[in-house]
Amino acid sequence: MCDPCCVSQLACCCGTAACSCCCNCCPKIKQSTSTRVMYALYFLLVTMVCAIMMSPTVEQELHDKVPFYSAMCKKLGDGETCKMLVGYSAVYKVCFGMACFFFLFFLLTLRLNNSQSCRATIHNGFWLPKFVLLVACCVGGFFIPEEGGFEMMFLKVWRYIGAVGGFIFLLIQLMLLVEFAHRWNTNWSSGVKYNRLWYAALALVTLLLFSVAVGAVAFMGLFYTHPEACLLNKVLLGINGSLCFIVSLLAISPCIQKLQPTSGLLQPGVISVYVMYLTFSAFSSKPKETYEVAGLNTTVCVFPFNSGNESDKKIVTVVGAVILFCCVLYSCLTSTTRRSSAALRVCRNSEPETERARCCFCFGDDTDDNDEEKSGGGQNVVYDEHEGTIYSYSYFHFVFFLGSLYVMMTVTNWFHYDNHEIEKLLEGSWSVFWIKMASCWVCLILYLGTLVAPMVCPKRFEA
C-alpha cells in the first residue's frame, strides 16, 4: 500500500513530478500550488534556523544537551560554544545564502512562459537536489574570508543591501494589503445580487472591523499614553486615528462612489485595523519611557504584559513572531497569483474578471478545475500548467529574494543588531519604531491613491 506513495515521493525528490501528501483523504492540489508551497517550506525552514541562531537560550541548550557539541566546536576552531554559528553575523551569512538561492532561480526563470521547458521542470521538480543546493548556499556564507577586514566589509555592505530589499518587500506587502481589501469587498459584493445574505455578511464584518479599530484606539489611549508623559504617543495616535477616519469618509463620498460604485466601508475597515495593529506594534517597539512618580522613576506607556515577567514577555514575543512570519509567507505566496501580479503591475491579466462570492477567497483560483488529474498512492495532483505558466516564475523567486532580506533585517532588529536576541524581538528600538510608523502612513497613502487615481486619470481606469 505504501509502495505507490514511496515511488511518487521519490519522483518528487529526484524527478519532475509534483509533490503531494501520501494521504488519500487530502483534497486535490494543483501543481502550481504544490511548487509554491515547497519553496515556502524551504523559506520557513531557513527562517527558523535564523531565529535559533539569534537565541542564546537555544545556544546554551545545545551546549548542555548535545553530545560532543563542545568537541565539535573546538575542532572548528571556534571555542566551546561555536560563536561563529550564532549572532547577527551568522544570520547575515545564512540569509545571504538563501537570497543567493532565490536570486539564482530568478535568473534561471527570466522570461519563461513555457511550462514544458527544461528550466520549468527544474523550477517545478528535483526538490532534493534543490534542497542540497540551498544548504550549500547557506553554508557557503561561513567560508567568507576574514583576512584584511573583508568579512566586516561584506557584513556592512550586505546590511545596506538588506535594508533596501527589506523596504521594497515591505512596500509590496502594503500594496498587497490594499489589493486584498479591494478584492474582499469586490468578491462579497458580487454575491449580493444573487443572495442578500452576502449584504448582511458585508455589514457584519465591516461593523466588526471598525469595532476592533476603535477598540484599539481606546486600548492604546489607555495604556500607551500618560497625562504627564508620552507626548509622541499621543500625537501619533491622534494622527493615525484621524487619517483612518478621513479615508473612511472619503471612501463613501459621492465623488468616489460615482467612479467606484463598489467602494464602501469594508476596505477602510481593513486598512484601519492594520494601521492600528502597526501603531500598536510601533508603540511596543519603542524604547521605554520613564516618569518620576513620588520620587521614583517609573516606566510608563508600556503594554500590560511588559511588566518584567519573563513568561509574559515570551508570550508577546512568540505571538509577534508568528504574526510577522505569517504576513511574510502570505506576501510571498499571494503576490505571485495572477490577480495580485496584475494589481502590482508585474503582468497584465488579459482574461475577463469573473467573480464568484466565496467565504475563503484569499489565494483564489488561477485556473479552472477542469484540468487533467493524476491519481497515485496518495493525494491527487492537478497538472494545471499544460498550456503555459499561470504565474511569473521569475517574479515569484524575486519576491522570495526580497523576503529573505526582510527576514534578515527583522530577525536582527534592523540597525540595532549588536547584542540583539530573538527573545527581544519586540523590545525597544527607535529604528523599528519609525519603520513601523512610516509603514502606517505608506499604507494609508497607497489606499488613498487607489481612491483618488480614477479621478486624476479617468481614461486609464475606464475599463
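**A salt bridge and its surroundings**

In this predicted model, Glu 151 and Lys 93 form a salt bridge, with their closest N and O atoms 2.3 Å apart. The two partners are 58 residues apart and link distant parts of the chain, since Glu 151 belongs to helix α8 (residues 150-190) and Lys 93 to helix α5. The structure holds one salt bridge, and in general, side chains of opposite charge can pair when their charged atoms come close.

As for cover, Glu 151 has a relative accessible area of 12% and therefore counts as buried, the cut-off being under 20%. Lys 93 is buried as well, because its relative accessible area is 5%.

The helix that carries Lys 93 is itself mostly covered, with 15 of the 21 residues of α5 buried. Helix α5 runs over residues 88-108, and at 1.5 Å a residue its 21 residues should span 30 Å, which agrees with the 30 Å between its end C-alpha atoms.

Elsewhere, a nonpolar surface patch of about 790 Å² is made by Leu 231, Val 235, Ile 239, Leu 243, Phe 245, Ile 246, Leu 249, Ile 252 and Leu 265. One of these residues, Leu 243, is found in helix α10 (residues 231-251), and Leu 243 counts as partly exposed because its relative accessible area is 31%. An α-helix has 3.6 residues a turn, so residues three or four places apart point the same way.

Notes
Residues are numbered from 1 along each chain as its sequence is written. This is a predicted model: local features need pLDDT of at least 70, side-chain atom pairs count only at pLDDT 80 or more; totals for chains, interfaces and linings use all residues. Side-chain values use heavy atoms; hydrogens and water are left out. Helices (H or I, at least four residues) and strands (E, at least two) are DSSP runs, numbered from the N terminus. The expected span of a helix is 1.5 Å times one less than its number of residues. Buried means under 20% relative accessible area, exposed over 50%, partly exposed in between (1.4 Å probe, protein chains only). Patches are made of residues with over 30% relative accessible area and no salt bridge: like charges are joined within 9 Å, nonpolar side chains (Val, Leu, Ile, Met, Phe, Trp, Tyr) within 5 Å. Accessible areas come from the Shrake-Rupley method with a 1.4 Å probe; for residues, only the protein chains shown count as cover. A salt bridge is a side-chain nitrogen of Lys or Arg within 4 Å of a carboxyl oxygen of Asp or Glu.
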